[in-house]
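Hi everyone, thanks for coming. Let's have the sequence and the model up on the screen, and then I'll walk you through a few spots.

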Amino acid sequence: MQRAAVNRDVAPALLRALDAAKIELQQGRFGEARRRYQRILKREPQLTPALHFLGVLEHMDGNSELGLSLVRHAFQRSPDDYDIRKNLSNLLNDLNRSDEAEPLCRGLIAERPADSGNHSNHCIALRKLGRHAEAIAAGRQATALAPHSPVVWLALANALAGAGELSQAADAYERVIAINPTFSPAHNSLCGVLLQIEQSGSLSRLRLRRTRQAYRRWAEAVPGHPTATFMLEALDRRQVPERMPDAEVKASFDAYAADFDQHIRSLDYRAPELVAEVLARRLSAADARLDVLDGGCGTGLTAPLLRPYALHLTGVDLSSAMLDRARKTGMYDTLVEGELGSFLAAHPGAFDVCVFVDVLTYFGDLRVILASAARSFKADGLLAFSVEKSDLPGSHLHPTGRYSHHAEHVQAALTAAGFVAIEQTDANIRTEGNAPVVGLIVSARRPL
């Protein structure tokens, strides 16, 4: 995010206050920076720099809709301010509103064509709009202007991958890694592209030589990275493990928590809303009478959709950092740090409703976790969850460390656990690499 210049007509005391808040923001002390900006705006509610910087802060801290509102307000007051327009375009791209970001990017390029960031942002907007050839051209312009910037090479790599130019995308991800060897998103994307290039549907060590080498390099560059470690071990063993180990899931999400909400919104993530639609169809009324479990609750994105049904809303998650953010929502009655299967086993007959949004993607064979879920229900409990859909039999491990599941495997696991399936429908649950990720939205009852 850009840091706009401050209008020097501002009173000296406010300039000092803005400078102090900016230092807190740059050092990542969001709470103190937020308090300083709020005090400034209490004195001067229309002070454009404070509106702008507070909007940037809120976006960086995961409160992106509030951040967008504040930056829009600053833009309305200073529509010609270059840095405000640039940050607004960044924020709109992050929120998957690239139809609004793209014309802003064009205007910024016209004003400062030598700014590589403008071309890189334009590349991102065009990719998200599905204008692949234009995105690649914009990305190449950015890399020509800033050949040593990992950010612009990453934008170009993603554009190439989205256009299906996999070999060129791999080369561009290699450029990112050469500049910043510890940048895990580039390693992860490179592994995914190489897996597609090698055209394998299984974790065969012999058939995935380049993919395996890429995971090994990632694991060496970022020791202990959970996805790199897990996938390399899976490749070395030449068999698919039943699930990602708890310690690796926890480490991954503890590191991811600060950016999780912002990132997931940029993917047009719809799984919480899709599962909530199931509840609306299957529960008689949102009358706050039920004991509800949000399994794998993360930062609490699903909580506002569950709260109307809940007399008592419980959230459980492995990641303490994610739970800290869930706690800030004020939506939960109880939050528990722990592994979902163990929690379910320790709470027999406890819940009327169990919801698992985007959590069973970390389990391969679903039979064990669904059997534990069955025992946690009161009579005639309702289960609703999402998984990523696979066309391969059983479960399939992806380069991200996540599993997808065949519809027949889901049905078999439900039946084995004693559930009666109600519905199982295909739906686009998010976008990834500019393409929809198809999931299954499932509901089932545990009979009396």
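So, which residues does Asp352 touch, not counting residues up to four places away in sequence? Asp352 touches Leu290, Asp291, Phe377, Lys378, Gly381 and Leu382, where contact means heavy atoms within 4.5 Å.

A quick word on ground rules. This is a predicted model, so local features need pLDDT of at least 70 and side-chain atom pairs count only at pLDDT 80 or more, while totals for chains, interfaces and linings use all residues. Residues are numbered from 1 along each chain as its sequence is written, and side-chain values use heavy atoms, with hydrogens and water left out.

Okay, back to Asp352. You'll find Asp352 in strand E4, residues 351-356 (helices, H or I with at least four residues, and strands, E with at least two, are DSSP runs numbered from the N terminus). Its relative accessible area is 18%, so Asp352 is buried (buried is under 20%, exposed over 50%, partly exposed in between, with a 1.4 Å probe and protein chains only). The side chain of Asp352 also reaches the backbone nitrogen of Asp291, at 2.8 Å.

Leu290 sits in strand E1, residues 290-295. Beyond its neighbours within four places in sequence, the contacts of Leu290 include Tyr309, His312 and Asp352. Asn90 is 200 residues from Leu290 along the chain, and their C-alpha atoms are separated by 41 Å.

Next, Glu423, in strand E8, residues 420-432. Is Glu423 buried or exposed? Because its relative accessibility is 12%, Glu423 counts as buried. Its side chain makes a polar contact with the side chain of Arg282, at 3.0 Å. By polar contact I mean a pair of N or O atoms within 3.5 Å; within protein, one must be able to donate a hydrogen and the other to accept it, and residues adjacent in sequence count only if both atoms are side-chain atoms.

Now for some helices. H11 (residues 184-198) and H12 (residues 209-221) pack at about 170°, with their axes 8 Å apart. Axes here are lines fitted to C-alpha atoms, for helices over the stretch in contact, and angles run from 0 to 180 degrees between N-to-C directions. H11 and H12 are therefore roughly antiparallel (that's over 145 degrees; under 35 is roughly parallel, 65 to 115 roughly perpendicular, and the rest oblique). Among the residues making that contact are Leu194 of H11 and Trp218 of H12.

That's my tour, thanks!
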